[in-house]
Amino acid sequence: MSKNAMFDLTYGLFVVSVHADGRDNACITNTVQQVTGVPNRISLTLNKSNYTHDLLMKNGYFTASIISEAAEFELFRRFGFQSGRDADKFAGFDAVRRTQSGTLAVTQGTNSAITARIFHSVDLGTHTIFFADVVEEAVFSDVPSATYAYYHANIKPKPEAVGTTPDGQTVWRCRICGYEYVGEELPDDFVCPLCKHPASDFEKVVK
Ligand code: FE
(Lines give C-alpha, C1' and ligand atoms only; values in the text may rest on other atoms or scores of the structure.)
Protein backbone atom coordinates (compact mmCIF):
# COMPACT_ATOMS: atom_id res chain seq x y z
CA MET A 1 0.00 0.00 0.00
CA SER A 2 1.75 3.12 -1.22
CA LYS A 3 -0.80 5.64 -0.05
CA ASN A 4 0.45 8.23 2.41
CA ALA A 5 -1.75 8.90 5.46
CA MET A 6 -1.24 12.62 4.87
CA PHE A 7 -3.44 12.29 1.79
CA ASP A 8 -6.39 11.54 4.09
CA LEU A 9 -6.30 14.95 5.74
CA THR A 10 -9.16 17.12 4.45
CA TYR A 11 -9.00 20.79 3.58
CA GLY A 12 -11.10 23.68 2.38
CA LEU A 13 -10.02 25.95 -0.44
CA PHE A 14 -9.71 29.72 -0.31
CA VAL A 15 -8.84 32.76 -2.36
CA VAL A 16 -6.69 34.76 0.05
CA SER A 17 -6.42 38.42 -0.93
CA VAL A 18 -4.28 41.25 0.36
CA HIS A 19 -3.89 44.95 -0.36
CA ALA A 20 -0.65 46.92 0.10
CA ASP A 21 1.49 49.40 -1.84
CA GLY A 22 -1.66 50.37 -3.77
CA ARG A 23 -1.92 46.86 -5.19
CA ASP A 24 -4.33 43.99 -4.80
CA ASN A 25 -3.11 40.44 -5.00
CA ALA A 26 -4.46 37.04 -4.11
CA CYS A 27 -3.55 33.38 -4.16
CA ILE A 28 -5.28 30.04 -3.70
CA THR A 29 -4.63 28.17 -0.47
CA ASN A 30 -6.00 25.24 1.50
CA THR A 31 -4.52 26.55 4.72
CA VAL A 32 -7.16 28.63 6.51
CA GLN A 33 -8.82 27.35 9.66
CA GLN A 34 -10.52 28.60 12.76
CA VAL A 35 -8.31 28.31 15.83
CA THR A 36 -10.51 29.78 18.60
CA GLY A 37 -14.14 30.86 18.88
CA VAL A 38 -13.90 33.49 21.62
CA PRO A 39 -12.09 35.52 20.55
CA ASN A 40 -12.93 34.63 16.95
CA ARG A 41 -9.56 33.80 15.42
CA ILE A 42 -8.26 32.01 12.35
CA SER A 43 -4.87 30.93 11.09
CA LEU A 44 -3.41 31.16 7.60
CA THR A 45 -0.21 29.55 6.34
CA LEU A 46 1.56 30.95 3.28
CA ASN A 47 4.71 30.04 1.41
CA LYS A 48 7.24 32.85 1.86
CA SER A 49 7.94 32.93 -1.87
CA ASN A 50 4.38 34.06 -2.62
CA TYR A 51 3.87 37.70 -3.53
CA THR A 52 0.73 37.56 -1.36
CA HIS A 53 3.04 36.80 1.58
CA ASP A 54 5.13 39.92 0.84
CA LEU A 55 2.11 42.20 0.71
CA LEU A 56 0.54 40.65 3.81
CA MET A 57 3.71 41.32 5.82
CA LYS A 58 3.34 45.02 4.95
CA ASN A 59 -0.33 45.49 5.67
CA GLY A 60 -1.52 42.82 8.12
CA TYR A 61 -5.03 42.35 6.77
CA PHE A 62 -6.24 39.54 4.53
CA THR A 63 -9.56 38.26 3.26
CA ALA A 64 -10.16 34.54 2.83
CA SER A 65 -12.98 34.03 0.32
CA ILE A 66 -14.25 30.49 0.76
CA ILE A 67 -14.36 28.61 -2.55
CA SER A 68 -17.64 26.81 -3.20
CA GLU A 69 -18.63 23.84 -5.34
CA ALA A 70 -19.84 26.37 -7.94
CA ALA A 71 -16.25 27.45 -8.68
CA GLU A 72 -14.87 26.93 -12.16
CA PHE A 73 -11.32 25.95 -13.00
CA GLU A 74 -10.73 29.46 -14.36
CA LEU A 75 -10.81 30.78 -10.79
CA PHE A 76 -7.89 28.47 -9.91
CA ARG A 77 -6.05 29.35 -13.09
CA ARG A 78 -6.41 33.08 -12.44
CA PHE A 79 -5.44 33.17 -8.77
CA GLY A 80 -3.40 30.00 -8.40
CA PHE A 81 -1.35 29.35 -11.50
CA GLN A 82 0.36 32.69 -12.05
CA SER A 83 2.33 35.05 -9.85
CA GLY A 84 1.17 38.50 -8.82
CA ARG A 85 4.73 39.65 -9.52
CA ASP A 86 4.13 39.03 -13.24
CA ALA A 87 0.46 39.83 -13.64
CA ASP A 88 -2.42 41.75 -12.10
CA LYS A 89 -4.58 38.80 -11.08
CA PHE A 90 -7.65 41.00 -10.71
CA ALA A 91 -7.37 42.52 -14.20
CA GLY A 92 -10.70 42.11 -16.00
CA PHE A 93 -12.24 40.40 -12.97
CA ASP A 94 -15.16 42.27 -11.45
CA ALA A 95 -16.69 39.66 -9.13
CA VAL A 96 -15.26 41.44 -6.10
CA ARG A 97 -16.36 43.53 -3.17
CA ARG A 98 -13.99 45.90 -1.35
CA THR A 99 -14.06 45.21 2.39
CA GLN A 100 -13.86 47.92 5.02
CA SER A 101 -10.32 46.72 5.68
CA GLY A 102 -9.28 47.55 2.12
CA THR A 103 -8.94 44.01 0.79
CA LEU A 104 -10.99 42.49 -2.01
CA ALA A 105 -13.48 39.71 -1.30
CA VAL A 106 -14.14 37.42 -4.27
CA THR A 107 -17.89 36.97 -4.75
CA GLN A 108 -18.10 34.45 -7.61
CA GLY A 109 -17.32 30.76 -7.15
CA THR A 110 -17.25 31.43 -3.42
CA ASN A 111 -19.89 31.30 -0.71
CA SER A 112 -18.53 33.72 1.88
CA ALA A 113 -15.55 35.77 2.94
CA ILE A 114 -13.73 36.27 6.21
CA THR A 115 -11.47 39.28 6.75
CA ALA A 116 -8.92 39.15 9.52
CA ARG A 117 -6.11 41.20 11.05
CA ILE A 118 -2.86 39.48 12.00
CA PHE A 119 -1.79 39.63 15.63
CA HIS A 120 0.97 37.01 15.63
CA SER A 121 3.06 35.03 13.18
CA VAL A 122 5.52 32.16 13.41
CA ASP A 123 8.36 31.55 10.96
CA LEU A 124 8.18 27.92 9.80
CA GLY A 125 11.15 27.99 7.44
CA THR A 126 9.57 27.67 4.01
CA HIS A 127 6.27 29.12 5.26
CA THR A 128 4.87 31.58 7.77
CA ILE A 129 1.80 30.79 9.85
CA PHE A 130 -0.27 33.85 10.69
CA PHE A 131 -2.78 34.07 13.53
CA ALA A 132 -5.46 36.68 13.03
CA ASP A 133 -8.55 38.24 14.59
CA VAL A 134 -11.68 38.05 12.44
CA VAL A 135 -12.85 41.61 11.79
CA GLU A 136 -15.45 41.20 9.01
CA GLU A 137 -17.61 38.43 7.62
CA ALA A 138 -19.87 38.28 4.54
CA VAL A 139 -22.01 35.48 3.09
CA PHE A 140 -22.70 35.37 -0.67
CA SER A 141 -24.43 32.04 -1.33
CA ASP A 142 -25.67 28.75 0.10
CA VAL A 143 -23.59 26.57 -2.24
CA PRO A 144 -21.50 24.16 -0.12
CA SER A 145 -17.81 24.86 0.36
CA ALA A 146 -15.49 22.95 -1.95
CA THR A 147 -13.07 20.59 -0.28
CA TYR A 148 -9.67 19.82 -1.76
CA ALA A 149 -11.01 16.36 -2.67
CA TYR A 150 -14.00 17.93 -4.44
CA TYR A 151 -11.63 20.08 -6.49
CA HIS A 152 -9.69 17.04 -7.63
CA ALA A 153 -12.80 15.03 -8.46
CA ASN A 154 -15.00 17.69 -10.05
CA ILE A 155 -13.29 21.00 -10.88
CA LYS A 156 -9.80 20.14 -12.11
CA PRO A 157 -9.84 19.25 -15.83
CA LYS A 158 -9.22 15.60 -16.53
CA PRO A 159 -6.26 15.45 -18.87
CA GLU A 160 -6.25 12.76 -21.48
CA ALA A 161 -3.93 9.85 -20.84
CA VAL A 162 -0.75 10.21 -22.80
CA GLY A 163 1.91 7.95 -21.30
CA THR A 164 4.76 8.84 -23.56
CA THR A 165 5.44 11.52 -26.10
CA PRO A 166 5.43 10.62 -29.81
CA ASP A 167 9.20 10.08 -29.65
CA GLY A 168 8.92 7.74 -26.64
CA GLN A 169 9.83 9.94 -23.69
CA THR A 170 8.17 9.52 -20.29
CA VAL A 171 5.63 12.03 -19.06
CA TRP A 172 5.20 13.09 -15.41
CA ARG A 173 2.02 14.93 -14.49
CA CYS A 174 1.37 17.25 -11.55
CA ARG A 175 -1.58 15.85 -9.59
CA ILE A 176 -2.49 19.34 -8.43
CA CYS A 177 -2.71 21.32 -11.65
CA GLY A 178 -2.04 18.93 -14.52
CA TYR A 179 1.29 20.40 -15.64
CA GLU A 180 3.32 17.84 -17.58
CA TYR A 181 7.06 17.30 -17.39
CA VAL A 182 8.82 15.25 -20.06
CA GLY A 183 11.85 13.18 -19.09
CA GLU A 184 12.83 9.68 -17.98
CA GLU A 185 13.38 10.76 -14.38
CA LEU A 186 11.78 13.64 -12.48
CA PRO A 187 14.41 15.40 -10.34
CA ASP A 188 13.74 15.07 -6.58
CA ASP A 189 13.97 18.82 -6.13
CA PHE A 190 11.63 19.58 -9.03
CA VAL A 191 8.97 22.19 -8.27
CA CYS A 192 5.89 22.58 -10.47
CA PRO A 193 6.29 25.86 -12.37
CA LEU A 194 2.53 26.42 -12.34
CA CYS A 195 1.34 25.57 -8.84
CA LYS A 196 4.68 25.31 -6.97
CA HIS A 197 3.99 21.84 -5.60
CA PRO A 198 6.97 19.49 -5.16
CA ALA A 199 8.07 16.39 -7.08
CA SER A 200 6.13 14.19 -4.64
CA ASP A 201 2.91 15.57 -6.15
CA PHE A 202 3.84 14.29 -9.64
CA GLU A 203 2.81 10.92 -11.00
CA LYS A 204 4.27 9.00 -13.85
CA VAL A 205 1.61 8.85 -16.50
CA VAL A 206 1.10 5.34 -17.78
CA LYS A 207 -0.83 4.45 -20.90
FE1 FE B 1 1.29 21.83 -10.53
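Student: What volume does the largest pocket have?

Tutor: This is a predicted model, in which local features need pLDDT of at least 70 and side-chain atom pairs count only at pLDDT 80 or more, while totals for chains, interfaces and linings use all residues. Residues are numbered from 1 along each chain as its sequence is written, and side-chain values use heavy atoms, with hydrogens and water left out. A pocket here is an open set of points on a 1 Å grid over the protein atoms alone, where a 1.4 Å probe fits and protein lies on both sides within 12 Å along at least five of seven lines; grid points are joined across faces, edges and corners, and the volume is the space filled by probe spheres set on the points. For the largest pocket that volume is about 860 Å³.

Student: Which residues that line the largest pocket are the closest to its centre?

Tutor: Lining residues are those with an atom within 4 Å of a point, and the largest pocket has 34 of them. The closest to its centre are Ile28, Asn50, Cys195, Lys196 and His197.

Student: Which element gives the largest share of the lining of the largest pocket?

Tutor: With helices (H or I, at least four residues) and strands (E, at least two) taken as DSSP runs numbered from the N terminus, at least two lining residues each come from β2 (23-29), β4 (41-47), α1 (51-59), α2 (73-80) and α3 (148-155). The largest share, 4 residues, belongs to β2.

Student: What is the volume of the second largest pocket?

Tutor: Among the 17 residues that line the second largest pocket, the closest to its centre are Met6, Phe7, Tyr11, Tyr148 and Asp201. Domain 1 and domain 2 both contribute to this lining, so the second largest pocket lies between them. Its volume is about 660 Å³.

Student: Which residues of domain 1 lose the most area to domain 2?

Tutor: Three residues together account for 65% of what the domain 1 side buries. They are Phe81, Tyr148 and His152.

Student: Which residue meets Arg98 in a salt bridge?

Tutor: A salt bridge is a side-chain nitrogen of Lys or Arg within 4 Å of a carboxyl oxygen of Asp or Glu, and the whole structure holds 8 of them. Arg98, in strand β6 (residues 96-98), is paired with a residue of strand β2 that is 74 residues apart from it. At 2.7 Å, N to O, the partner is Asp24.

Methods. Domains from an automatic or database assignment. Buried area = accessible area lost by both parts, 1.4 Å probe.
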